[in-house]
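Student: Could you walk me through how some helices pack in this protein? I would like the cut-offs along the way.

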Amino acid sequence: MAQTEKKGGLLRKSSASKKPLKEKVVLMYDEIFMTEDPSKCNPRFWEELFLMKVNLEYLEGKLEALDGEELMKIKDNINCLFQHCIQALGEEHPIRVVNALQTLCALIRGVHQKNKSTSGFDIINMLVGFDKAELCMKNLMESLDSLLCAEGSESLKSLCLKLLLCLVTVTDNISQNTILEYVMINSIFEAILQILSSPLSRREHGYDAVVLLALLVNYRKYESVNPYIVKLSIVDDEATLNGMGLVIAQALSEYNRQYKDKEEEHQSGFFSALTNMVGSMFIADADEKISVQTNEAILLALYEAVHLNRNFITVLAQSHPEMGLMTTPTSPIPTTPVTPLGTTPPSSDVISSAELPLDADVQTSNLLITFLKYSSIVMQDTKDEHRLHSGKLCLIILTCIAEDQYANAFLHDDNMNFRVNLHRMPMRHRKKAADKNLPCRPLVCAVLDLMVEFIVTHMMKEFPMDLYVRCIQIVHKLLCYQKKCRVRLHYTWRELWSALINLLKFLMSNETVLLAKHNIFTLALMVVNLFNMFITYGDTFLPTPSSYDELYYEIIRMHQNFDNLYSMVLRLSTNAGQWKEPASKVTHALVNIRAIINHFNPKIESYAAVNHISQLSEDQVLEVVRSNYDTLTLKLQDGLDQYERYSEQHKEAAFFKELVRSISINVRKNLAFNTLSQELLLKEFSTIS
């Protein structure tokens with residue numbers, strides 16, 4: 001007997017003598033695309049349709065093949081199909097529900113594709129009809145809410161979330177998606193929270209639930225009252241917040257693990273030898289393969305939680321014993337196409353016990369450590385636009401954390417010490433740090449390490465000015481807390497001072513190139529004022545008196561850089577050019593640094609001459625410094641410990657609009673390729689009773 005093959009909704013025998021036969025479901029779709037009501041000839045038409053396995057490809061293709069005018073002719077049948085889908089969601093038998101959910105996905109996507117054309121008809125009218133829209137959408141949202149909250153099939157819940165993601169991301173700009181007005185009115189917020197608070201549901205659906213929530217929060221967030229923003233900001237249930245934190249931590253950990261695997265792969269064997277020979281020639285290549293998987297969707301969810309909900313701050317420091325549990329997914333995970341922005345979910349919603357420690361000696365992890373490690377990876381390479389956006393979002397999240405009083409309390413807590421293994425960019429002039437030598441320190445040390453690492457590794461022609469400004473602001477905010485609360489942090493401050501001085505040196509060396517694109521004096525002023533903060537208030541937060549002496553030693557040792565900076569800003573502030581005002585601000589800010597240099601340098605030279613020493617050791621310079629503090633006169637500078645608080649709406653609205661647009665496109669792309677296949681779903685409902 002000839003083998004039967006199936007392609008594009010057609011059944012055909014391998015012998016070419018007979019005409020292809022269409023599947024019954026395809027014949028039924030064809031009837032819907034006629035102008036007459038298909039149930040006229042067959043009263044059981046709709047009942048039978050939802051027993052048929054959905055052919056998504058054919059249905060979407062059919063919708064996309066029609067122009068706007070042709071689609072309007074069959075509008076009544078489309079409305080009827082949409083309404084019958086909603087009715088079928090209330091059916092007892094899951095086969096009908098599965099088919100109805102899949103049909104709705106195809107309908108929404110197919111009709112929306114047509115909405116991009118010049119016909120410009122209203123999408124809601126086309127799908128449900130204006131007169132029935134409110135009731136239909138209410139019924140749809142209530143059915144989805146019931147399915148998500150019920151104790152029934154996990155596959156159905158998964159499909160409900162896919163439909164909602166399909167609904168939300170069907171337009172690139174989600175704020176232009178008018179269907180979402182009904183999702184605002186008929187909230188599914190509580191259903192999302194229920195998924196996150198239950199360990200089983202969270203493992204199965206946590207990722208989709210968190211991404212869905214992050215997108216819904218961004219619907220017209222600046223133009224009207226978004227109920228999802230309001231509700232997210234007041235959630236105080238510990239299980240729910242911890243559940244959300246776990247989902248985010250697991251997704252970021254999965255990325256960190258993949259990166260580490262890739263890194264180890266490239267560091268072994270022949271490739272390693274080549275890399276050592278030619279420096280960093282291949283390193284960008286290795287990162288490029290990993291960069292496609294950066295996860296802006298989950299990062300956006302973390303941002304919204306940190307930014308909107310003060311209770312979520314406590315979750316950042318919660319240790320995650322659940323991460324050590326390893327469960328095998330009940331069904332194979334579909335492979336996800338590689339996408340440039342990578343909103344791809346992790347390959348598993350759980351993390352193996354081997355991944356829990358960040359290194360051999362650390363027994364527990366938390367969301368903040370996982371996030372810092374993730375940030376250290378994505379912030380290495382900012383040349384790629386998506387990595388740049390990821391790096392910016394990481395710094396925005398850290399900005400929110402650095403401003404929060406409670407977050408600062410646990411960041412600086414001496415009783416909460418961790419060994420955080422941040423990724424460091426391979427550079428020719430420094431050795432790779434041995435992970436085992438990392439000390440256990442308060443978490444703020446890891447944040448400062450991350451900032452120092454960024455400062456040191458991004459002095460390049462394509463200078464990421466915006467990221468540098470954010471980086472310096474984070475350091476400043478942490479110092480403000482330390483000064484206010486008199487926290488004496490045992491940190492290697494000299495590394496920070498050295499990085500800041502090298503940054504000033506870079507700005508001066510590349511003055512002409514950088515000034516063509518950036519106002520470098522804003523950044524220079526911030527750096528100088530960090531030094532002023534240490535000079536003016538360092539005795540209240542530096543760990544020991546000798547640390548304060550070392551600050552002066554570094555300023556004196558590197559005095560040539562400060563002298564050159566002063567010459568540069570003086571030159572520009574005395575000219576009548578565009579940089580006169582910003583340059584003069586730096587001139588005034590340098591007053592105390594110059595006073596220190598001018599006070600101690602002659603005394604050091606005198607000490608050397610008297611003792612007949614050509615070059616003084618560090619200890620000898622420090623001795624001169626300690627002996628001559630009394631005669632040093634400094635000016636009190638106001639406002640050093642003040643800063644402008646982060647404001648999304650006024651400064652970051654354009655960035656988030658573009659970011660959410662990119663995430664929407666990629667979520668839709670991933671849904672389109674792999675998440676609506678019926679094979680796995682129907683295995684669960686293989687018998688009809």
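Tutor: Gladly! Axes here are lines fitted to C-alpha atoms, for helices over the stretch in contact, and angles run from 0 to 180 degrees between N-to-C directions. Helices (H or I, at least four residues) and strands (E, at least two) are DSSP runs, numbered from the N terminus. This is a predicted model, where local features need pLDDT of at least 70, side-chain atom pairs count only at pLDDT 80 or more, and totals for chains, interfaces and linings use all residues. Residues are numbered from 1 along each chain as its sequence is written, and side-chain values use heavy atoms, with hydrogens and water left out.

Student: How are H14 and H19 oriented to each other?

Tutor: Helix H14 (residues 238–267) and helix H19 (residues 367–378) have axes that come within 9 Å and cross at roughly 40°. Angles under 35 degrees count as roughly parallel, over 145 as roughly antiparallel, 65 to 115 as roughly perpendicular and the rest as oblique. H14 is therefore, relative to H19, oblique.

Student: Which classes of residue make up the contact of H14 with H19?

Tutor: Contact means heavy atoms within 4.5 Å. Among the residues that meet are Ile-248, Leu-252 and Tyr-259 in H14, and Phe-371, Tyr-374 and Ile-377 in H19. Ala, Val, Leu, Ile, Met, Phe, Trp, Tyr, Cys and Pro count as nonpolar, Asp, Glu, Lys and Arg as charged, and the others, Gly among them, as polar. By class, the contact of H14 with H19 has 10 nonpolar, four polar and one charged residues.

Student: And how do H23 and H26 lie relative to each other?

Tutor: Helix H23 (residues 465–485) packs with helix H26 (residues 520–541) at about 15°, and their axes are 10 Å apart. Because of that angle, H23 and H26 are roughly parallel.

Student: Is Cys-400 buried or exposed?

Tutor: Buried means under 20% relative accessible area, exposed over 50%, and partly exposed in between (1.4 Å probe, protein chains only). Cys-400 has a relative accessible area of 11%, so this residue is buried.

Student: What about Cys-485?

Tutor: Cys-485 has a relative accessibility of 33%, so this residue counts as partly exposed.

Student: How many disulfides are there?

Tutor: A disulfide is a pair of cysteine sulfur atoms within 2.5 Å. By this rule, the number of disulfides is zero.

Student: What share of the protein chain is buried?

Tutor: The protein chain comes to 34 helices and five strands. Of its 689 residues, the buried share is 56%.
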